[in-house]
Amino acid sequence: MKKLILTMAVVFATGTMMNATSSDEEITTPIKENIEIVEDFGCARNCVDLGITVAYHLNLTVKEYLVVYESCYIQNCAQQ
């Protein structure tokens, strides 16, 4: 019983000493501005995504995928 009480007293004293070094100073960290990155891969990338999505859902072959991609490209990107 004496060992238990002595151990608890040592643990309490050690914990008190560790907390005694804290201060009331406010710690501030520098604030960095958030940089927004916008990636524009262009019109052709949109057609690739459309072609992949359509090909996946309709189980198209590569040749059929190319038809979807080319038609999208001609309709949306050829004028640019």
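I begin with a term: a residue is called buried when its relative accessible area is under 20%, exposed when it is over 50%, and partly exposed in between, using a 1.4 Å probe and protein chains only. Helices here are DSSP runs of H or I with at least four residues, numbered from the N terminus.

The model is predicted, and local features need pLDDT of at least 70, side-chain atom pairs count only at pLDDT 80 or more, and totals for chains, interfaces and linings use all residues. Residues are numbered from 1 along each chain as its sequence is written, and side-chain values use heavy atoms, leaving out hydrogens and water.

In α2, the buried residues are Cys43, Cys47, Val48, Gly51 and Ala55. They lie on the same side of α2, because they cover an arc of only 140° around the axis, the arc being that of the directions from the helix axis to the C-beta atoms. On the face turned away from that buried side, α2 carries the exposed residues Asn46, Tyr56 and His57. Just after α2, Asn59 has a positive phi of about 55°.

What do the buried residues of α2 pack against? They pack against α3, where contact means heavy atoms within 4.5 Å.

Turning to α3, we find Tyr65, Val68 and Cys72 buried. Seen down the axis of α3, these fall within an arc of 65°, so they line one face of the helix. Lys63, Val67 and Ile74 are exposed on the face of α3 turned away from its buried side. The cover over the buried residues of α3 includes α2, residues 43–58.

How values were computed
Helix = DSSP H or I, 4+ residues; strand = E, 2+ residues; numbered from the N terminus.
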